[in-house]
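How do you read salt bridges and helix packing in a protein model? Let us work through one case together.

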Amino acid sequence: MSGLRKRYALAFLLLLGVEVVIALFVHDRFVRPYLGDVLVVWVVYAFLRTLFPTGLPWLPAGVAIFAALVEVGQAFHLVDRLGLGHIPFFRILLGNTFDWADLLCYCAGAGLLLLIETLSHKSCRRR
């Protein structure tokens, strides 16, 4: 496993751990509903960068679109239509309540990813 792949795998595991802690123990009005949604984009991104360590230029936008599609699926009760609504894991994974604010959080998460990656690549070119 390349060094870059290992860094993204470690980032994935750490971010996933943070998401689990938020889901299980944080019941507030900011971290869980907003920061958690920003971070979930980062979790998916870090996982995909583990598979594609050199990156894909459209990946942050692709992850945001994927998250938005999952959110829109909530508006149409996708988890129930798939017959998975009775399984808590899938109800948590796919969600069950549509919220426009979640879409904004996914976009913010992807935007921050794009900014971080852009600054990171500029920093690497200077070395």
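Predicted model: local features only at pLDDT ≥ 70, side-chain atom pairs only at ≥ 80, totals over all residues.

Q: How many salt bridges does a search of the whole structure find?
A: Start with the general idea. A salt bridge needs a side-chain nitrogen of Lys or Arg within 4 Å of a carboxyl oxygen of Asp or Glu. Here the search finds two.

Q: Which residue meets Arg-49 in a salt bridge?
A: Its partner is Glu-117, with 3.4 Å from N to O. The pair links distant parts of the chain. Arg-49 sits in helix α2 (residues 31-51), and Glu-117 in helix α6 (residues 100-126). The two residues are 68 residues apart.

Q: Are Arg-49 and Glu-117 buried or exposed?
A: Look at the relative accessible area. Under 20% counts as buried, and over 50% as exposed. Arg-49 is buried, and Glu-117 is buried too.

Q: Which residue meets Arg-91 in a salt bridge?
A: Asp-80 does, at 2.6 Å from N to O. Arg-91 belongs to helix α5 (residues 88-94) and Asp-80 to helix α4 (residues 78-81), so this bridge ties together parts eleven residues apart in sequence.

Q: How is the accessibility of Arg-91 and Asp-80 classed?
A: Use the cut-offs again. Arg-91 has a relative accessible area of 25%, so this residue is partly exposed. Asp-80 reaches 41%, so Asp-80 is partly exposed as well.

Q: What describes two packed helices?
A: Two things: the angle between their axes and the distance between those axes. Now the case here. The axes of α2 and helix α3 (residues 59-75) come within 10 Å. They cross at roughly 130°.

Q: Why are α2 and α3 called oblique?
A: Check the angle against the classes. Over 145 degrees would be roughly antiparallel, and 65 to 115 roughly perpendicular. The crossing angle is roughly 130°. The two helices are therefore oblique to each other. Their crossing is right-handed.

Q: Which residues make the contact?
A: From α2 come Val-41, Val-44, Tyr-45, Leu-48 and Arg-49. From α3 come Leu-59, Pro-60, Val-63 and Ala-67. Sort the residues by type: eight are nonpolar, none polar and one charged.

Q: How is Val-44 of helix α2 classed by accessibility?
A: Val-44 has a relative accessible area of 27%, so Val-44 is partly exposed. For a sense of distance, the C-alpha atoms of Val-44 and Leu-119 are separated by 20 Å. Along the chain, Val-44 and Leu-119 are 75 residues apart.

Methods
Residues numbered from 1 in each chain as written. Heavy atoms only, no water. Helix = DSSP H or I, 4+ residues; strand = E, 2+ residues; numbered from the N terminus. Buried < 20%, exposed > 50% of the residue type's maximum accessible area, 1.4 Å probe, protein only. Axes fitted to C-alpha atoms, helices over the stretch in contact; angles between N-to-C directions. Parallel < 35°, antiparallel > 145°, perpendicular 65-115°, else oblique. Left-handed = near helix turned anticlockwise from the far one by under 90°. Contact = heavy atoms within 4.5 Å. Nonpolar A, V, L, I, M, F, W, Y, C, P; charged D, E, K, R; others polar.
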